[in-house]
Amino acid sequence: MTAETSQTLDRGLRVLKLLADTDHGLTVTELSNKLGVNRTVVYRLLATLEQHALVRRDLGGRARVGLGVLRLGRQVHPLVREAALPALRALAEDIGATAHLTLVDGSEALAVAVVEPTWTEYHVAYRAGFRHPLDRGAAGKAILAARQQPVGDPGYTLTHGELESGASGAAAPLIGVTGVEGSVGVVMLADAVPERVGARVVDAAREVADALR
């Protein structure tokens, strides 16, 4: 900690990060041990975060992330989109296909940024805000592949005709970005995705991940 930073705010943010990394919540004792502070400090941190709906405690006393983070999360998409656009533009121009960044929204895949190529006569019309089930389409399946292989690089996913007849897709998951679960991909009017596209999509996903870290 430096003179310009707040120790209390730092601890509160660390509490939120710890709670975000668990599905079962944490007790005051567990948080105390992880933070290296006494239980009284943890109680005060939790009480403050509860006032802002950022933390909730269940009947068993376990603390979990509160619904207040959703209001903050709504402002994340524009920031993520802005960070991803340079890599998406380069991908769309290089491949000559519509490039997109897709994030998880509940049980669905949500396209939050889309870039169409400028030099092709025909390309798939794919718009930001488009939703589809995670288990359909390359974007969602790439995210599911990353869940199944949490360590290492799951590579890329190819699909054909799952979301739009005659269209093929390729997508690679974002790896190593805390708090963001998504993928980068392209969709094109073709019976199959050309061989070089998969590797190029993986590179673009790495570029977006680097921009978000």
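Tutor: Let us begin with contact, which means heavy atoms within 4.5 Å. This is a predicted model, in which local features need pLDDT of at least 70 and side-chain atom pairs count only at pLDDT 80 or more, while totals for chains, interfaces and linings use all residues. Residues are numbered from 1 along each chain as its sequence is written, and side-chain values use heavy atoms, with hydrogens and water left out.

Student: Which residues are in contact with Val112, leaving aside its neighbours within four places in sequence?

Tutor: They are His77, Arg81, Leu101, Leu103 and Ala128. Of these, Leu101 is eleven residues from Val112 in sequence, and their C-alpha atoms are 5.9 Å apart.

Student: How are helices and strands assigned, and how many does the protein have?

Tutor: Both are DSSP runs numbered from the N terminus: helices are H or I runs of at least four residues, and strands are E runs of at least two. The protein has seven helices and eight strands. Val112, for instance, has its place in strand β4.

Student: Is Val112 buried or exposed?

Tutor: Buried means under 20% relative accessible area, exposed means over 50%, and partly exposed lies in between, with a 1.4 Å probe and protein chains only. Val112 has a relative accessible area of 4%, and therefore counts as buried. In the protein as a whole, buried residues make up 41% of the 213 residues.

Student: What does the side chain of His132 reach?

Tutor: A polar contact is a pair of N or O atoms within 3.5 Å; within protein, one must be able to donate a hydrogen and the other to accept it, and residues adjacent in sequence count only if both atoms are side-chain atoms. The side chain of His132 reaches the backbone oxygen of Arg136 at 2.8 Å. His132 belongs to strand β5, residues 131–133, and is buried because its relative accessibility is 3%. Beyond four places in sequence, its contacts include Glu108, Tyr126 and Leu163.

Student: Where do nonpolar residues gather?

Tutor: In soluble globular proteins, nonpolar side chains tend to be buried together. A nonpolar core is a set of buried Ala, Val, Leu, Ile, Met, Phe, Trp, Tyr and Cys residues joined through side-chain atoms within 4.5 Å. Here the largest core has 32 residues, and those with the most contacts inside it include Leu88, Leu174 and Val186. At least two residues of this core come from each of α5, β3, β4, β7, β8 and α7. Apart from it lies another core, of 16 residues, among them Leu26, Val28, Leu31 and Leu54.

Student: What does Val186 touch, not counting residues up to four places away in sequence?

Tutor: Among the residues that Val186 touches are Leu91, Ala97, Ala170, Val197 and Val201.

Student: Which residues of α6 are buried?

Tutor: An α-helix has 3.6 residues a turn, so residues three or four places apart point the same way. The buried residues of α6 are Ala138, Ala139, Gly140, Ala142, Ile143 and Ala146. They pack against β3, β4, β5, β6, β7 and β8.

Student: What of a residue in helix α2, such as Ser32?

Tutor: Helix α2 spans residues 28–35. Ser32 has a relative accessible area of 9% and is therefore buried. Leaving aside neighbours within four places in sequence, Ser32 is in contact with Val37, Asn38, Arg39 and Val42.
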